[in-house]
Amino acid sequence: MTEKSGKAREGRTHGTGGTDGTGTGYDVVVVGGGAAGLSAALVLGRARLRTLVVDAGEPRNAPSSHMQGYLSRDGMSPAAFLAAGREEIAGYGVELLAGRVTDVTRNGTGTSGAGFAVLLDDGRTVRARRLVVATGLKDELPTVPGVAERFGRDVLHCPFCHGWEVRDQSFGVLASSAMSVHQALMVSRWSKDVTFFLHTVAEEELSDQDLRRLAAAGVGVVPGEVAELVVEEDRLTGVRLADGSVHARSVLYVGPRPVPRTGLLERLGAELSETPLGAYPVVDPTGLTSVPGVWAAGNAVGFAEQVVHAASGGYRAAAAIVGDLLMTDLDAAVTA
């Protein structure tokens with residue numbers, strides 16, 4: 001037995017989770033085992049709280065072969081990152097369950113009386129004193145033939161994630177709305193050969209300022225609907241328009257429609273805020289939602305959360321939960 005595993009075992013025996021006879025009890029159930037969920041679980045496990053992570057195995061960055069911009073993990077594959085995180089949380093006694101949470105109900109009122117019944121897809125119910133929702137979001141891609149097949153390879157959406165690796169190549173940007181102008185301007189930082197395909201966006205939808213900025217950045221604007229991507233020898237070589245013309249491109253940026261996975265939060269009555277990129281829970285700086293005892297982290301709280309942000313959000317949520325449970329238990333002891 002390693003020293004870490006020995007400490008983990010000791011920590012588990014001192015957790016405050018219990019059971020009321022209707023299901024296994026945990027201090028915290030973390031829904032989602034990506035960067036945010038695993039980071040939260042690591043902090044919770046080290047704080048000697050009995051913690052369960054339920055992961056459906058649908059990470060947003062699964063199509064990518066590497067992730068970038070995470071100090072000390074730059075270039076690491078998403079799969080290797082998750083494997084390392086799972087190994088680390090196991091060393092502190094955190095349980096990881098491959099599965100899905102299908103429903104959550106809240107018991108009690110106020111923060112001290114908050115408790116949750118968490119229904120799993122195998123029919124079991126587990127109990128939790130606190131919840132971390134790190135369910136992320138799903139990217140709905142444009143329906144242009146070839147886009148989904150090459151997403152994460154030479155069809156990309158984030159220059160911060162992949163711009164360096166494809167720098168100075170010929171870029172295309174597929175418009176999904178007038179907001180796509182911003183994406184076309186941003187990617188010009190990584191290449192001076194950028195073509196903006198308006199696709200289903202009419203040219204008159206672009207403002208005069210949009211057109212001036214595109215011109216200043218050297219971005220070419222091509223009207224007309226895109227029919228398909230041209231792929232030769234398993235690499236993108238061009239973009240074909242509906243009129244049959246082909247524009248040679250080796251990289252295409254797209255703007256997926258984000259679909260936040262907020263179903264559990266909605267069932268719990270969490271307040272959501274509408275944004276141009278979806279509805280996300282209203283949270284405080286620690287990730288606490290409007291529902292007492294429920295925190296959210298990662299892409300569950302916003303479209304632009306990168307892996308490093310998600311891990312940070314999970315850490316903040318977990319630290320807040322540790323303090324919250326401690327003070328709740330101390331107050332209960334004082335008034336007993």
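**Figure 1. Contacts across the sequence of the protein chain.** Among contacts (heavy atoms within 4.5 Å) between residues at least 6 apart in sequence, 60% join residues at least 24 apart. This is a predicted model, in which local features need pLDDT of at least 70 and side-chain atom pairs count only at pLDDT 80 or more, whereas totals for chains, interfaces and linings use all residues. Residues are numbered from 1 along each chain as its sequence is written, and side-chain values use heavy atoms, with hydrogens and water left out. The C-alpha atoms fill a box of roughly 75 × 45 × 35 Å along the principal axes.

Figure 2. Threonine 262 lies in the loop between strand S16 (257-260) and helix H8 (263-267), where helices (H or I, at least four residues) and strands (E, at least two) are DSSP runs numbered from the N terminus. With a relative accessible area of 6%, threonine 262 is buried; buried means under 20% relative accessible area, exposed over 50%, and partly exposed in between, with a 1.4 Å probe and protein chains only. Apart from neighbours within four places in sequence, threonine 262 is in contact with Leu272, Ala279 and Pro281. Of the 336 residues in the protein chain, 46% are buried.

**Figure 3. Methionine 327 in helix H9.** Helix H9 spans residues 307-335 and holds methionine 327, which is partly exposed at a relative accessible area of 48%.
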